[in-house]
Amino acid sequence: MDNPGSSDPRLDGDSERARSEAALAAVGDETRLRILQALHRARDTNRHPDVRPVPFTELRKRVGMQDGSQFNYHLKQLVGPFVQRTEDGYVLRRAGERIVTAVLAGEYADAVVYDAEPVPTPCAICGGDVVLDYNVEPFLDYLVVRCTNCEGVVSAPGRPPGMLSLTDAMPPVGMQTRDPVETYLATFSFIGNQFRTIVDGICPHCSGRLTAEPRVCEDHDPGDGTVCERCGTIFFVWYHHRCDVCGFSAMIFLDRHFVVHPTVAAFYHDHGYDPFGPEWLRVAAETIASQTVVTEDPFELEVHLAIDDDALTVTLDGNGDVLAVA
Ligand SMILES: [Zn+2]
Ligand SMILES: [Zn+2]
Ligand SMILES: [Zn+2]
């Protein structure tokens, strides 16, 4: 996939930041936030799009302000990036909606803490019991899945032992409305979509362009265990994805890049694997027979997959894009 990085002048970091700062100042006021919330509540959610223009007087009443000129002053600060003025009234724009939903989501933050909640999927490495942590120091806002029996797939100082994954959690609302096992299962759908977006070179936070870089462990050697002492993981190759616009950054395992390819997806499906389900780690733990850096410049990686008597060879480039499947 083509991923030439950020050369679009509209995505220039300084002007983007200046716009964001001006935007935050515009909504850093209780009345303005109440206006956005009133417009959000006034949407007609039975329709697509759910836009329903709210006339000036109705909006003022919904916000509960007597002083028309005061109200008008605050409303004016929002018109533009957050609120659209139409002939029939005022409409919430996408940027305004994001602020309202962020405030709603923030009200739930820290309400949920999971400390070693058991989950129904056994460890893909050793078959041991797996537990879930959420909002546990030092990884607040992260979801940690870890094995209680083996060293897991990532081992580093400051990380809990047996770590199988460390991912963004769903926003707090998503955690609040589900029990731990439901959260665990819902996260695969939520994170699976993020992985797909990242692998396609699109920032899951701001939709800016991602640039990717392969990280190869030069002397990968798991010794008697599963985790290599040099890189601290079971994975020989990772891809580091970074957003040039918002600074989002993620280290993504090699296998996430090829499991989305239709031929590879069919291969796993035919053998009873679900690369985006709770047993996703079985792909890396059981089916990667070998991985070889064929050329450094341009970077080309060959991965041999084997399940029973079937085999597949996948070639990836420096962005983690699949060049060939044979
Ligand atoms: Zn284990
Ligand atoms: Zn290594
Ligand atoms: Zn971004």
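Student: What makes β7-β8-β9 an open sheet of 3 strands in this predicted model?

Tutor: The order is β7-β8-β9, with antiparallel pairing. β7 (210-216) and β9 (249-253) stand at the edges with a single partner strand each, so one side of each has no neighbour in the sheet. From one strand to the next the twist averages 25°.

Student: How do you know that β7 and β8 are paired?

Tutor: Pairing requires at least two bridges found by DSSP between two strands. β7 and β8 (residues 237-243) are joined by 7 bridges, so they pair, and they run antiparallel. Valine 216 has valine 237 in β8 as its bridge partner.

Student: Which atoms are the protein donors of the zinc ion (ligand 1)?

Tutor: Donors are N, O and S atoms within 2.8 Å of the metal (3.2 Å for Na, K and Ca). Cys123 (SG), Cys126 (SG), Cys147 (SG) and Cys150 (SG) lie 2.2 to 2.3 Å from the zinc ion.

Student: Why is the arrangement of the 4 donor atoms around the zinc ion (ligand 1) called tetrahedral?

Tutor: Four donors count as tetrahedral if all angles lie between 85 and 135 degrees. The angles here are 99 to 113°, so the arrangement is tetrahedral.

Student: Why does cysteine 123 count as buried?

Tutor: Buried means under 20% relative accessible area (1.4 Å probe, protein chains only). Cysteine 123 has 4% relative accessibility and therefore counts as buried. Cysteine 150, with 19%, is buried by that definition.

Tutor: Residues are numbered from 1 along each chain as its sequence is written, and ligands are numbered from 1 in the order in which they are written. Local features need pLDDT of at least 70 in this predicted model, and side-chain values use heavy atoms.

Technical notes: Predicted model: local features only at pLDDT ≥ 70, side-chain atom pairs only at ≥ 80, totals over all residues. Helix = DSSP H or I, 4+ residues; strand = E, 2+ residues; numbered from the N terminus. Axes fitted to C-alpha atoms, helices over the stretch in contact; angles between N-to-C directions. Tetrahedral: all angles 85-135°; square planar, octahedral: opposite > 155°, others 65-115°. Buried < 20%, exposed > 50% of the residue type's maximum accessible area, 1.4 Å probe, protein only.
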